[in-house]
Amino acid sequence: MKPTTRRTLAAVVTGVAAAVGAAVTPAAAATAVPVPVPLGGAETALGMELPEVAGEVPVPTAGAPEGPRYVEGRLLPERALPQVPVRGGLPGVDLRQPLPHVPGDGFDHAGLDAPAADLRTLTPGLSLDAPLTAPDPGALGLPSPKLPEAGVLAPVLRTAPVADLGLGPGL
């Protein structure tokens, strides 16, 4: 293969890799999608100031589940149905509302800012054990009967939402 052909092929492969990497990166990095609410046309048509509303909708992402753990003396793994971690967020809102000078002079707008809060969850899981023990060398390698065991692993939800409410001129 000629050096010119090699360079051309290397440039094409590099360009394709860069294009694929640029196309994948922004979509994977997004944790929340902004949702604007356009009220400008209604504001013009009605001839009055309307609230400004915008929001954020979180994009949940699933993590890797923790695999089953084998415990000595049990026939089934400790977590038959593992818990799956899911990361996402609570929806956010940004609201600016005009007030007709009800609170007094200088307070003609109210604002609420509640950004999307981080949310971490674990799905419910299941832990089971068979109604037999492990093979017993003292009983010629046969298992002994026992009571079956079943347990539900509770779901977990962790978040810390925050909101700011304010009054002022032209927020």
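Tutor: Start with pairing: two strands pair if DSSP finds at least two bridges between them. Keep in mind that this is a predicted model. Five strands here form an open sheet in the order 1-2-5-6-11, with antiparallel pairing.

Student: What makes strand 1 and strand 11 edges of the sheet?

Tutor: Each has a single partner strand, so one side of each is left without a neighbour in the sheet. Neighbouring strands of this sheet are turned by 10° against each other on average, direction ignored.

Student: How do you know that strand 5 and strand 6 pair?

Tutor: Count the bridges. Six join strand 5 (residues 92-98) to strand 6 (residues 109-114). The cut-off is at least two bridges, so the two strands count as paired. They run antiparallel. Leu95 has Leu112 in strand 6 as its bridge partner.

Student: What makes strand 11 a partner of strand 6?

Tutor: Strand 11 (residues 164-168) and strand 6 share five bridges, in the antiparallel sense. With at least two required, this is a pair. Leu112 stands opposite Leu165 in strand 11.

Student: How do you know that strand 2 is joined to strand 5?

Tutor: Five bridges join strand 2 (residues 52-58) to strand 5, and the two run antiparallel. That again meets the requirement of at least two. Gly55 stands opposite Val93 in strand 5.

Student: Turn to charges. Why is the contact of Glu66 with Arg79 called a salt bridge?

Tutor: The closest N and O atoms are 3.4 Å apart. The limit is within 4 Å, so the pair qualifies. Both residues lie in the loop between strand 3 (61-62) and strand 4 (85-89), 13 residues apart.

Student: What makes Arg120 and Asp118 a salt bridge?

Tutor: Their closest N and O atoms are 3.4 Å apart, and the limit is within 4 Å. Arg120 is partly exposed at 41% relative accessibility, and Asp118 is partly exposed at 38%.

Student: How do you know that Lys146 and Glu149 form a salt bridge?

Tutor: The N to O distance is 3.8 Å. It is within 4 Å, so the contact counts. Lys146 is partly exposed at 26%, and Glu149 is partly exposed at 42%.

Student: Why is Val35 called partly exposed?

Tutor: Its relative accessible area is 35%. Exposed needs over 50% and buried needs under 20%, so Val35 is partly exposed. Val35 lies in strand 1 (residues 32-37).

Technical notes: Residues are numbered from 1 along each chain as its sequence is written. This is a predicted model: local features need pLDDT of at least 70, side-chain atom pairs count only at pLDDT 80 or more; totals for chains, interfaces and linings use all residues. Side-chain values use heavy atoms; hydrogens and water are left out. Helices (H or I, at least four residues) and strands (E, at least two) are DSSP runs, numbered from the N terminus. Buried means under 20% relative accessible area, exposed over 50%, partly exposed in between (1.4 Å probe, protein chains only). A salt bridge is a side-chain nitrogen of Lys or Arg within 4 Å of a carboxyl oxygen of Asp or Glu. Axes are lines fitted to C-alpha atoms, for helices over the stretch in contact, and angles run from 0 to 180 degrees between N-to-C directions.
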